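Biologist: I've got a model open and I'd like to learn how to read it. Can you walk me through it, feature by feature?

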Amino acid sequence: MSNDHHSDHSETHFTSTAVVRDIVIGMADGLTVPFALAAGLSAAVDSSAIIVTAGLAEVAAGSIAMGLGGYLAGKTDIEHYDSELKREAHEIKHLREHEILEVEEILSEYGLKGSALKTVVKSITSNRERWLKFMMKFELNLERPDPKRAMISAATIATSYIVGGLIPLMPYFFISDIMSALKMSVIATSIALVLFGWIKGRFTGVNQGRSATQTLVIGALASSAAFGIAHLLS
């Protein structure tokens with residue numbers, strides 16, 4: 001019963017960490033790329049409608065690309081786990097004595113020795129599935145990926161990108177004067193970047209003030225570069 005509870009807790013913790021990571025990936029790019037595009041276009045065109053159209057096209061394309069990237073990364077994790085599982089199963093079958101020594105080495109690092117060590121080693125190696133699971137977790141430090149994880153990751157990253165991308169574009173929907181819309185976009189995106197950086201810092205354990213400042217500086221640099229280049233070219 002206690003083992004099942006521990007497994008559920010580990011899986012929940014692992015999944016929630018992965019979801020936070022996916023939100024961070026999607027939101028970070030969603031806030032900065034469309035923001036930089038809108039800022040750049042603000043210096044080159046004279047119509048908010050063009051900026052909205054181009055911005056929405058970029059958000060659509062970006063969310064698909066980012067989501068696909070997340071999906072492929074998730075599938076790669078599954079393929080990597082399956083590949084390592086087959087290799088470890090082959091070693092247990094054909095290099096049995098060597099693998100038993102590896103179990104002893106791993107357990108001795110946790111302080112087991114003498115008869116206690118021999119007993120635990122025998123218990124683990126007497127059951128092939130248990131032995132294989134032990135080696136995957138403690139030798140290779142690999143958790144079995146959730147088969148649904150790739151699709152969930154893709155959806156989370158894509159949705160986060162869309163949410164992030166709409167924030168810098170919203171002022172252009174309602175304000176026809178481009179420079180006024182740009183100012184509102186800068187204010188809205190700056191607030192969003194600070195909030196996002198603060199929340200990201202809280203979830204990742206990084207200093208929240210520093211994390212907020214970093215995301216704001218990155219967004220400011222990206223949009224300033226885009227605006228400056230577009231201004232020079234126009």
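Modeller: Let's begin with surface. This is a predicted model, and its chain exposes about 13900 Å². Carbon and sulfur atoms supply 65% of that area.

Biologist: What percentage of the 234 residues counts as buried?

Modeller: That comes to 36% of the chain.

Biologist: And how many helices and strands are there?

Modeller: Eight helices and zero strands, so DSSP runs along the sequence read α-α-α-α-α-α-α-α. For contacts, look at sequence separation: among those between residues at least 6 apart, 73% join residues at least 24 apart.

Biologist: Which residues does UniProt annotate as "transmembrane region"?

Modeller: The unreviewed entry lists 150–175, 181–199 and 211–233. In the model, residues 150–175 are 96% helix, with end C-alpha atoms 39 Å apart. Residues 181–199 are 100% helix, and there the ends lie 27 Å apart.

Biologist: How do I check the length of helix α6?

Modeller: Count 1.5 Å a residue: the 26 residues of α6, 149–174, should span 38 Å. The end C-alpha atoms are 38 Å apart, so expectation and model agree.

Biologist: Where does α6 bend?

Modeller: At P168, by about 45°.

Biologist: Now a single residue. Is E105 buried, partly exposed or exposed?

Modeller: Compare its relative accessible area with the cut-offs: buried is under 20% and exposed is over 50%. E105 has 49%, so it counts as partly exposed. E105 sits in helix α3, residues 96–109. Its C-alpha atom is 9.8 Å from that of E139, 34 residues apart along the chain.

Notes: Residues numbered from 1 in each chain as written. Predicted model: local features only at pLDDT ≥ 70, side-chain atom pairs only at ≥ 80, totals over all residues. Heavy atoms only, no water. UniProt positions renumbered as here; feature names shortened; annotations may be inferred. Helix = DSSP H or I, 4+ residues; strand = E, 2+ residues; numbered from the N terminus. Expected span 1.5 Å × (residues − 1). Bend = angle between axes of the 7 residues up to and from the residue. Buried < 20%, exposed > 50% of the residue type's maximum accessible area, 1.4 Å probe, protein only. Contact = heavy atoms within 4.5 Å. Areas by Shrake-Rupley, 256 points an atom, 1.4 Å probe, with all protein chains shown as cover.
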